[in-house]
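Please study the sequence and the model shown below before reading on.

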Amino acid sequence: MMTVLITGASSGIGAGLAKAWADDGCKVIACGRDPERLETLRQHSPHISVRSFDMTDRDACRLALQDCQPGLVILCAGTCEYLDKGVIDAELVERVMATNVLGPVNCLAALQSQLVSGSRVVLVSSMAHWLHFPRAEAYGASKAALTWFANTLRLDWEPKGIAVTVVSPGFVDTPLTRKNDFPMPGQVSVVHAVRAIRQGVAKGKNHIAFPRGFSVMMRLLAGMPGGVQRMLLRRMVRS
Ligand SMILES: NC(=O)c1ccc[n+]([C@@H]2O[C@H](COP(=O)([O-])OP(=O)(O)OC[C@H]3O[C@@H](n4cnc5c(N)ncnc54)[C@H](OP(=O)(O)O)[C@@H]3O)[C@@H](O)[C@H]2O)c1
C-alpha cells in the first residue's frame with residue numbers, strides 16, 4: 001500500500017485527508033505542530049504515524065522528514081491572516097509568507113532526494129489569488145507565489161517522473177475560516193474538500209479546484225477587464 005505524507009494533518013482539510021487515506025489502508029505520515037491534536041488523529045487508525053515540527057524551521061523539516069519515502073506528498077499546512085484598513089504589518093506578512101511559501105519549500109527540499117519516479121506532490125493553494133481581494137495582500141500573494149513555484153516545479157520534475165498538482169479550494173468550513181467575519185459564498189464542508197482532492201489526485205490532475213460552481217464564477221470574474229474587477233472588489237473595502 002502507498003505511503004502518504006500529509007502536512008497540516010492536525011486540523012481541517014489535512015486531518016480529513018489523513019483519515020480518508022488511512023481508512024483506505026494507506027500508510028499515513030501525518031505532520032503538524034500540535035502534539036495533542038496529532039495524538040488524537042493517530043488514535044483514529046493503526047495506519048497513521050505522526051511527526052510534530054514547525055515547517056518554517058528548515059532544520060526541523062530536514063530532521064523530521066529524513067527517513068520518509070512517500071509515494072504521495074500532500075503539502076496542506078497553511079495559515080491565513082488579513083491586513084486591516086490597508087495598514088502594512090510586516091511581521092504578519094512575514095508569518096504568512098514563511099508558513100505558506102517557505103514551509104512547503106522546506107518540506108520539498110527535505111524530501112526531494114527521497115522521492116522516486118511515479119510519486120506525486122500536491123500543494124494546497126487557494127482561489128484567493130485569482131482576484132485581488134482587499135485585505136488579502138499577504139495571503140493572496142503567498143498563494144500566488146506557492147502556485148507559481150508548483151507550476152514551475154512541475155516542468156522541472158517531469159523528467160524525474162514526479163508529478164506536481166496544485167489544489168485551489170474556495171471556502172471550506174475549518175478552524176481557519178471560522179474566524180472570518182465576512183460572508184463566505186459557496187462554502188463547503190471538509191468532507192466535500194476531501195472528496196474533491198482525492199478524486200482529482202486519483203485522476204492524476206495537475207490542477208484541482210472546488211467547489212465547481214464557485215470556481216467557474218471566480219474564473220469568469222478573473223477574466224473580466226481590470227476596471228470591472230476593481231469596481232466590484234472596491235465594494236469589499238472596509239472604511
Ligand atoms: N479553509 C479554507 O476555506 C481554505 C480555502 C483555500 C485554501 N485553504 C488552504 O488549505 C490548507 C489547509 O487549511 P485548513 O482550512 O484545513 O486550515 P486549519 O484547519 O487551520 O489547518 C492548518 C494546518 O496547518 C498547520 N500549520 C500551520 N502552520 C504550520 C507550521 N508553521 N508548521 C507546521 N504546520 C503548520 C496546522 O498545524 P497545527 O495546528 O498543529 O499548528 C494545521 O494542521 C491551507 O494551506 C489553507 O491556506 C483553505
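Three helices each supply at least two residues of the shell around the ligand: helix 1 (12-23), helix 5 (137-157) and helix 6 (175-178). Helices (H or I, at least four residues) and strands (E, at least two) are DSSP runs, numbered from the N terminus. The largest share of the shell, 3 residues, comes from helix 6. The model is predicted, and for this reason local features need pLDDT of at least 70 and side-chain atom pairs count only at pLDDT 80 or more, while totals for chains, interfaces and linings use all residues. Residues are numbered from 1 along each chain as its sequence is written, and side-chain values use heavy atoms, with hydrogens and water left out.

The ligand has 31 residues around it, and those that come nearest are Ser10, Ser11, Tyr139, Val172 and Thr174. Here a residue is near a molecule or strand if one of its heavy atoms lies within 4 Å of it. By class, the shell holds 13 nonpolar, 13 polar and 5 charged residues. In this classification Ala, Val, Leu, Ile, Met, Phe, Trp, Tyr, Cys and Pro are nonpolar, Asp, Glu, Lys and Arg are charged, and the others, Gly among them, are polar.

A polar backbone atom of Gly78 is 3.3 Å from a ligand oxygen atom, and a polar backbone atom of Gly170 is 3.5 Å from a ligand oxygen atom. The ligand on its own has 900 Å² of accessible area, of which the protein covers 93%. Such areas come from the Shrake-Rupley method with a 1.4 Å probe; for residues, only the protein chains shown count as cover.

Buried means under 20% relative accessible area, exposed over 50%, and partly exposed in between (1.4 Å probe, protein chains only).

Not counting residues up to four places away in sequence, Phe210 touches several residues, among them Met127, Val167, Gly170, Val172 and His192; contact means heavy atoms within 4.5 Å. The peptide bond from Phe210 to Pro211 is cis, with omega near -5 degrees. Pro211 itself is placed in the loop between strand 7 and helix 8 (212-222).

Most residues other than glycine have a negative phi, and most peptide bonds are trans. Two residues other than glycine have a positive phi here: Lys85, near 50 degrees, and Arg135, about 75 degrees. Lys85 is in the loop between strand 4 and helix 4 (90-111), and at 65% relative accessibility Lys85 counts as exposed. Arg135 is in the loop between strand 5 and helix 5; Arg135 counts as buried because its relative accessible area is 18%.

The loop between strand 5 and helix 5 also holds Ser126, which is buried at a relative accessible area of 7%. The side chain of Ser126 reaches the backbone nitrogen of Ala128 at 2.8 Å. Beyond four places in sequence, Ser126 touches Tyr139, Lys143, Val167, Ser168 and Pro169.

Within helix 5 lies Ser142. Is Ser142 buried or exposed? Ser142 is buried, because its relative accessible area is 0%. Leaving aside neighbours within four places in sequence, Ser142 is in contact with Val96, Met97, Asn100 and Val101.

Finally, Leu233 lies in helix 9 (residues 226-234) and is buried, with a relative accessible area of 11%. Leu233 and Phe133 are 100 residues apart along the chain, yet their C-alpha atoms are separated by 6.4 Å. Not counting residues up to four places away in sequence, Leu233 touches Leu131, His132, Phe133 and Pro134.

Key
Polar contact = N/O pair within 3.5 Å; in protein donor to acceptor, adjacent residues only side chain to side chain.
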